[in-house]
Amino acid sequence: MSALEKPQIIAHIQKGVHYTVFDCKWVPCSAKFVALGNLARGTGVIQLYEIQHGDVRLLREIEKAKPIKCGTFGATSLQQRYLATGDFDGNLHIWNLEAPEIPVYTVKGHKEIINTIDGVGGLGIGEGAPEIVTGSRDGTVKVWDPRQKDTPVANMEPVQGESKRDCWTVAFGNAYNQEERVVCAGYDNGDIKLFDLRNMSLRWETNIKNGVCSVEFDRKDINMNKLVATSLEGKFHVFDLRTQHPTKGFASVSEKAHKSTMWQVRHLPQNREIFMTAGGAGSLHLWKYEYPIQRSKKDSEGVEMGIAGSVSLLQNVTLSTQPISSLDWSPDKRGLCVCSAFDQTVRMADDDINGEDYPAEIHDYLSAFENSLGSVDDMLKTMMSVSRNELLQKLDPLEQAKLDLVSAYTLNSMFWAYLATQGVNPKEHPVKQELERIRTYMNRVKEITDKKKASKLDKGAASRFVRNALWEPKSESESKSSNKAKRRK
């Protein structure tokens, strides 16, 4: 790839703040983001910003009793867009940003600071219940259901006699159906542990020899595919999670990317093969993962083992002299990200990534979708070429009913697809009931049509056919005359 073909990382906007920023997150389906941190007087702060005319405007600032370390929108619905946060005192809060004075949910989650948080089951991402996972300095990793007060639904803690390790990062993954879900946790001693929430067991663990600063699955809502982990020494590891060997675990590739701590890794929501790392020297590095020709092979004993791919650096840029502590991609605008650094500055950056660069495995699906859209477009053009009144005059009442039902079903199906593209789960929207209601009437029309097409019985012809086919006994006089004729012969 030539220098001209490489995507460019351009810092568009930067905003100085009066506190230490620990985390920043985009508000879904909006041009807004939140910044979370610690004021100089030892209290916490949530700031809500909006991008307007090429600049950012502060909409609201909310001060809280304890410094806020981390936040996520991952377990909320698109309608509510509640923010879940973890603070320095071990509290988990969920805030309605429209009325943030009192949390809508609160629990004393840990004995010490909550370092990290993640959510799943909200925003139309991931199947199953909305859940939040928190990791703390107290060595525990806990999973919370906001619908259940006070008690975690899962608690992963050191066994008796085992020393507790500071948990620095957590991430949900494998949430592709109602039953499956995993949590990955990274610790200060280099341990990476994968917990299976369905079986409540440790599924896999490894050690990368340095503190694990950030872990993230390429996507939460698919069968486990890839996991990226970053470390204190400026190295990252990409694990291929499709094939797990009984003794060797998952295949991986590592890369020395930064000359200092690698604080964050975030995958581009619109293309999971591209990810960004944020470094302690104030730099951002954009990477692309390339799959091998085949992703697994058999070892000498005939057991399947994974094959790692390769990574290539697309671009890098230095934005600050201080570590970039947080990074978040916009789920709505491809290539737009917000990041914060310890120089008390929040920055907007845009990665000029080729819009046609998407995973090859979805090409067939996109082609089929394009063909379907073309068919719908042709049908609509045909229908719109004739006025509705003129069209109805040519149809009998049954055909008119069919036309109305097909039109209603098509429009609601297209709205279903629109909701899915906006991250709304159509199964939880009233459009699902509307489609079921239309289907009921379509089945009724089909019954009437089938009944109309059924052959009618001609009772007169049927009775004549039956009468002629039946044997009738001859009368006694006819029988005698027949016998006389036979004797005469």
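**Core.** I am working from a predicted model. I looked up the largest nonpolar core and found 17 residues in it. Met276, Leu284 and Leu286 have the most contacts inside this core. I then checked which elements give it two or more residues: strands E23 (271-279), E24 (283-290), E27 (310-318), E28 (324-329) and E29 (336-341).

**Met276.** I listed its contacts, leaving aside neighbours within four places in sequence. Among them are Ile9, Val265, Leu284, Leu286, Leu327, Trp329 and Cys337. Gln264, Arg266, His285 and Asp351 are also in contact with Met276.

**Aromatic pairs.** I found 11 in the structure. I looked at Phe22 and Phe342: the ring centres are 6.5 Å apart and the planes are at 80°, so I noted the pair as edge-to-face. Phe22 lies in strand E2 (residues 20-26) and Phe342 in the loop between E29 and strand E30 (345-351), so this pair ties together parts 320 residues apart in sequence. Phe22 is buried at 18% relative accessible area, whereas Phe342 is partly exposed at 28%.

Next I took Trp263 and Phe342. This pair is edge-to-face as well, at 5.6 Å centre to centre and 90° between the planes. Trp263 lies in strand E22 (residues 262-268), so the pair with Phe342 ties together parts 79 residues apart in sequence. I have Trp263 as partly exposed, at 30% relative accessibility. Phe22, Phe88, Trp263 and Phe342 form one aromatic cluster.

**Charges over rings.** Arg181 lies over the face of Phe172, 5.8 Å from the ring centre. I also noted the charged end of Lys193 over the ring of Tyr187, 5.5 Å from its centre.

Methods:
Residues are numbered from 1 along each chain as its sequence is written. This is a predicted model: local features need pLDDT of at least 70, side-chain atom pairs count only at pLDDT 80 or more; totals for chains, interfaces and linings use all residues. Side-chain values use heavy atoms; hydrogens and water are left out. A nonpolar core is a set of buried Ala, Val, Leu, Ile, Met, Phe, Trp, Tyr and Cys residues joined through side-chain atoms within 4.5 Å. Buried means under 20% relative accessible area, exposed over 50%, partly exposed in between (1.4 Å probe, protein chains only). Helices (H or I, at least four residues) and strands (E, at least two) are DSSP runs, numbered from the N terminus. Contact means heavy atoms within 4.5 Å. Rings of Phe, Tyr and Trp (its six-membered ring) pair if their centres lie within 6.5 Å; planes under 30 degrees apart count as stacked, over 60 as edge-to-face and the rest as tilted. A charge sits over a ring if NZ of Lys or CZ of Arg is within 6 Å of the ring centre and within 35 degrees of the ring normal.
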